[in-house]
Amino acid sequence: MVNITLNGDPHKVQKGLSLYDLLQDLKLDPGKVAVERNLEIVPKSTYQDIKLDEGDRLEIVHFIGGGKKHG
Amino acid sequence: MDNDSFKVAGMSFSSRLIVGTGKYKDFEETALAVEASGAQIVTVAVRRVNVMDPNQPMLVDYLDPKKYTYLPNTAGCFTADDAIRTLRLAREAGGWNLVKLEVLGDQKTLYPNMVETLHAAEVLIKENFDVMVYCSDDPIMAQRLEDLGCCAIMPLGAPIGSGLGIQNPVQIRLIIEQANVPVLVDAGVGTASDAAVAMELGCDGVLMNTAIAEAKDPIAMARAMNLAVQAGRAAYFAGRMPKKLYADPSSPLAGLI
């Protein structure tokens with residue numbers, strides 16, 4: 001297992017797990033989210049190729065209702 | 001007037017009202033209000049997915065991104081870096097370049113931080129984003145943003161969420177007069193007449209959220225705003241009568257008994 005930070009919280013994943021597999025495990029539709037890994041945007045087309053490493057910091061975001069400030 | 005479409009970043013829209021999707025009771029109400037407003041562009045926020053509960057309903061399930069143009073915003077960002085990160089993620093999530101930049105400077109007033117806004121706009125435009133920008137009502141700043149390549153200038157009419165109406169018609173008019181890109185009042189509208197005032201000044205559109213979402217009946221207010229924006233635009237084209245200091249009778253005085 002390797003330790004990563006997922007949306008600010010500690011998270012353990014299988015060594016060598018791809019980002020695509022992680023999204024599958026989390027039951028997230030890759031089409032509806034965007035991922036930042038260590039402050040860099042991960043293009044959707046590379047989710048299968050990205051293998052998660054010890055210490056990776058992931059941000060997984062989506063669109064929510066939002067106008068001003070209160071988002 | 002018949003072919004009076006609103007054009008921004010190479011896209012064309014028949015509605016001049018852009019609505020936010022925050023502060024509603026639930027997604028059903030959001031969808032009904034957006035429908036009633038006639039808006040074709042909706043602002044959306046970018047936030048962390050709740051990884052503990054991925055089955056929570058998502059906005060995209062209620063507002064079809066194929067039907068509405070999603071305008072990701074940076075509401076809640078107080079630095080250029082946060083705004084830039086947010087919009088890079090938004091582009092990857094959505095796959096389009098049109099975004100709304102908003103960098104706030106102060107928690108109490110939510111007034112825009114123009115130094116950070118200018119910096120963020122410069123970076124984003126270099127990265128080929130189409131940037132609609134929330135800004136102060138300062139014509140000099142508006143010009144700078146246009147010179148940088150922003151595709152729409154969106155000065156506030158009053159503080160965000162205040163519902164005070166257009167407090168600064170003189171500055172808004174100056175900004176409209178000099179601009180070669182669309183100018184939209186973003187923030188401050190409280191009720192339908194405020195939206196009409198903005199449009200009568202010659203704005204290309206109005207962006208609002210709270211005025212609809214916090215009305216007693218948001219769906220009815222959405223409809224009112226839809227009509228107000230159209231009425232204000234029509235009055236702008238019609239050209240209002242000059243203001244006079246004294247009365248001027250409408251009926252002829254000749255032939256009075």
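Biologist: What makes β5(A) and strand β4 (residues 41-48) of chain B a pair, and in which sense do they run?

Modeller: Two strands pair if DSSP finds at least two bridges between them. β5(A) and β4(B) have five bridges and pair in the antiparallel sense, so they meet that definition. Within this pairing, A:Val61 stands opposite B:Arg48. Strands here are DSSP runs of E of at least two residues, helices are runs of H or I of at least four, and both are numbered from the N terminus. The model is predicted: local features need pLDDT of at least 70 and side-chain atom pairs count only at pLDDT 80 or more, while totals for chains, interfaces and linings use all residues. Residues are numbered from 1 along each chain as its sequence is written, chains are lettered from A and ligands numbered from 1 in the order in which they are written, and side-chain values use heavy atoms, with hydrogens and water left out.

Biologist: How many residues of chain A and chain B are in contact?

Modeller: 30 residues of chain A are in contact with 40 residues of chain B, contact meaning heavy atoms within 4.5 Å. The two chains bury about 3,100 Å² between them, 65% of it on carbon and sulfur atoms. Buried area is the accessible area (1.4 Å probe) that two parts lose on being put together, summed over both.

Biologist: Why is A:Glu59 with B:Arg48 called a salt bridge, and what is the distance between the closest N and O atoms?

Modeller: A salt bridge is a side-chain nitrogen of Lys or Arg within 4 Å of a carboxyl oxygen of Asp or Glu. In this pair the closest N and O atoms are 2.7 Å apart, so the pair passes. The rule finds three salt bridges across the interface of chain A and chain B.

Biologist: Which elements of chain A give two or more residues to the side that touches chain B?

Modeller: They are β3 (34-37), β4 (40-42) and β5 (57-65) of chain A. The largest share, seven residues, comes from β5(A).

Biologist: What makes A:Arg37 and A:Asp53 a salt bridge?

Modeller: Their N to O distance is 4.0 Å. A:Arg37 lies in strand β3 and A:Asp53 in the loop between β4 and β5 of chain A, so the pair ties together parts that are 16 residues apart in sequence. A:Arg37 is buried at 19%, whereas A:Asp53 is partly exposed at 46%.

Biologist: What is the phi of A:Asn7, and where does the residue lie?

Modeller: A:Asn7 has a positive phi of about 45° although it is not a glycine. Most residues other than glycine have a negative phi. A:Asn7 lies in the loop between β1 (2-6) and β2 (9-13) of chain A. At 7% relative accessibility, A:Asn7 counts as buried.

How values were computed:
Buried means under 20% relative accessible area, exposed over 50%, partly exposed in between (1.4 Å probe, protein chains only).
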